[in-house]
Structures are given as C-alpha cells and as structure tokens.
Amino acid sequence: MVYFDNCDVAVNGSGILATSATLASVNYLDPAYILEMRGEMSKPPTDSIRNTLNMEYFIEVDNEPNLEILNSIKAFRTDDHISRPFPVEIAGIIGNYYLQSYQFGVTPNQIVSASVSYVCYEPLTGDLSPKKKGAEEIDYNKSNSLVHGWTTYVASSGNAVEIPTYKLDYKFSASYTPIYTMGKKFPKQVQMLSANEEVDFERDRYRHIVFSGEKAAEALPNFANDNDFDLFEVESLCDPLQTGRLKISISGAVVTNTALKANVGQHVRTSVSVAKHY
C-alpha cells in the first residue's frame with residue numbers, strides 16, 4: 001500500500017509539489033451487430049487506448065518543468081510539427097505524455113497553484129511503488145521558491161499602483177492528432193495542430209474595444225514598455241539576492257474580450273482578455 005506522503009510525482013524527471021493527481025485509461029469499444037442475431041456480436045475497438053493525466057500543484061520559480069514544456073510547444077512553428085512526448089510519473093506509473101492544457105491564477109495574499117493535463121497514446125509502464133531512494137531519489141522543494149501573489153508584477157516603468165491588477169488568469173491549450181498506419185495499434189507519430197494562449201486581467205479601468213486585432217500592449221498601459229509579467233519567488237521579499245523569476249510574455253497577443261463587473265458591497269472592476277494562437 002502506498003500513501004500520499006510516500007509517492008513520487010515527477011514531470012520530465014523533476015519532482016513537483018503536487019496537491020492532487022488523477023490518472024485514467026480509456027478503452028474505446030463499439031458494439032457490433034449483425035443480421036439474424038439479437039444482441040451484440042462483439043465489441044471491436046474503434047481507437048487506441050488513451051491515458052489522461054490531471055495534476056494540481058504549487059508553482060516553484062526554479063523548478064517548473066511544465067512551463068518549460070509549454071515554451072517548447074509554443075516554438076513548434078519554427079521547429080517541427082511532430083510533437084515530442086515527455087515522461088511523467090505518478091507513484092511508479094510512467095508514461096510518455098503530451099501536454100494538453102496548463103493554467104494558473106494569481107490573486108492577492110495567496111500562493112500560486114497550477115493545474116495541468118496530459119494525454120498519452122501508448123501503454124503505460126511500472127507498478128504502484130513508494131518514493132525512490134538512493135541514486136534515483138527525486139528531490140522536491142529544492143529552494144523554497146514558491147510563487148505568491150505578493151511577488152507577481154504586472155507593470156512596467158513602476159506603474160503597478162497607478163494601474164493595479166487585482167487578479168490574473170493564465171490559460172494554455174494544445175490539440176494533437178495521432179497518425180496511425182496499417183498493422184499497428186499505436187500511432188506512428190503525433191502531430192500538433194494548434195495551440196492557444198489566453199490571459200485575463202482584472203483591473204479597475206475600463207477599456208473599450210477599438211477595432212479587431214487590437215494589440216494587447218496598446219490596450220493595457222501596464223505593458224507599454226515591457227510585454228512580460230513576472231512571477232518572483234516569495235523569498236525575494238526577505239532576501240534581495242533571490243532574483244529568480246518566471247516570465248510570461250503577451251507579445252503578439254490581441255484583445256478578445258472586455259467586461260465590467262459590478263456587485264453589491266464591492267468596487268466596480270473590469271476585465272480584459274488577450275489571446276494568441278499558434
């Protein structure tokens with residue numbers, strides 16, 4: 001028996017601070033019926049077995065393998081359309097997965113957590129087992145570099161107070177097509193078709209949509225001189241030498257939606273959504 005405090009959760013060889021993980025395998029079958037026979041004759045497969053994996057975890061500045069994978073996916077237009085899988089392990093069960101979605105939200109006074117989903121088109125390996133020991137042991141929380149709302153900055157030229165951001169939501173999704181050949185159960189290759197990146201900023205300054213294709217940097221004064229928002233580790237508040245950060249760029253994104261939110265007992269807030277497609 002393996003307990004929650006004695007199982008490895010690793011992405012591409014790096015342990016992450018997971019709070020939950022779910023793995024599911026689906027067998028795609030379709031009943032076959034024939035004449036002169038009541039009921040199904042058999043259940044032939046209509047697709048290969050799919051393995052889906054969902055995880056939630058705390059983001060670390062110096063150890064965020066999912067964001068590294070995401071950045072490699074975003075570069076596929078200049079690299080190769082054939083997607084490369086990455087090894088993911090949960091409690092000894094290992095598979096080669098493709099990242100389908102990644103998202104996180106930043107709010108004041110809260111640690112930042114992310115959720116990620118993967119899909120695998122090939123058989124999994126391994127058995128339920130406790131944490132690895134010795135030379136294969138996976139290291140966790142190597143430097144306590146957790147990301148926090150206190151140390152997330154959506155600003156340039158020092159205007160964070162002038163144009164404050166109350167909430168930030170980041171989402172990324174990718175779609176894949178497995179390519180099969182005759183005589184094989186599993187894909188010959190997996191090709192990425194498209195990817196979408198979206199960021200929603202909650203503020204208190206309303207922005208009218210001026211025209212289709214308006215650039216995010218023009219609609220959000222925070223990004224007048226810098227197209228990135230930065231997520232620093234919370235330790236940087238106590239130690240100025242801790243300068244590690246994660247950078248998310250909205251360069252090339254366009255405004256897709258604006259909204260105004262008014263509720264009793266709260267000040268009026270607005271939201272601006274920007275998106276970029278790959």
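User: How many bridges join strand β9 to β10?
Analyst: There are 13 bridges between β9 (residues 167–179) and β10, and the two run antiparallel. Strands count as paired if DSSP finds at least two bridges between them. The strands themselves are DSSP runs of E with at least two residues, helices are runs of H or I with at least four residues, and both are numbered from the N terminus.

User: Before I go on, what kind of model is this?
Analyst: It's a predicted model, where local features need pLDDT of at least 70, side-chain atom pairs count only at pLDDT 80 or more, and totals for chains, interfaces and linings use all residues. Residues are numbered from 1 along each chain as its sequence is written, and side-chain values use heavy atoms, with hydrogens and water left out.

User: OK, back to strands. How many bridges join β10 to β14?
Analyst: Eight, and β10 and β14 run antiparallel. In that pairing, V199 has V274 in β14 as its bridge partner.

User: New topic: how many cavities of 30 Å³ or more does the structure hold?
Analyst: One. A cavity here is a set of points on a 1 Å grid over the protein atoms alone where a 1.4 Å probe fits but cannot get out, and lining residues have an atom within 4 Å of a point. The volume of the largest cavity is about 50 Å³, meaning the space filled by probe spheres set on the points, with points joined across faces, edges and corners.

User: Which residues line the largest cavity?
Analyst: The lining is Y170, E197, E198, V199, S249, I250, S251, A253, V274, A275 and K276. The elements giving two or more residues to that lining are β10 (189–203) and β14 (269–277).

User: Now salt bridges. How many does the structure hold?
Analyst: Six. A salt bridge needs a side-chain nitrogen of Lys or Arg within 4 Å of a carboxyl oxygen of Asp or Glu. One of them pairs R269 with E202, at 2.9 Å from N to O. That pair links distant parts of the chain, with R269 in strand β14 and E202 in strand β10, 67 residues apart.

User: Is E202 buried or exposed?
Analyst: Buried, at 10% relative accessibility. R269 is partly exposed at 26%. Buried means under 20% relative accessible area, exposed over 50%, and partly exposed in between, using a 1.4 Å probe and protein chains only.

User: What about K132, which residue does its side chain meet in a salt bridge?
Analyst: E89, with 2.4 Å from N to O. K132 sits in the loop between β7 (113–120) and β8 (147–153), while E89 is in strand β5 (residues 86–90), 43 residues apart. K132 is partly exposed at 23%, and E89 is buried at 10%.

User: Last one: what is phi for N109?
Analyst: About 65 degrees, a positive value although N109 is not a glycine. N109 lies in the loop between β6 (93–106) and β7, and counts as exposed at 53% relative accessibility.

Key: 1 Å grid on protein atoms, 1.4 Å probe; cavity = no way out; pocket = protein on both sides within 12 Å on 5 of 7 lines; lining within 4 Å.
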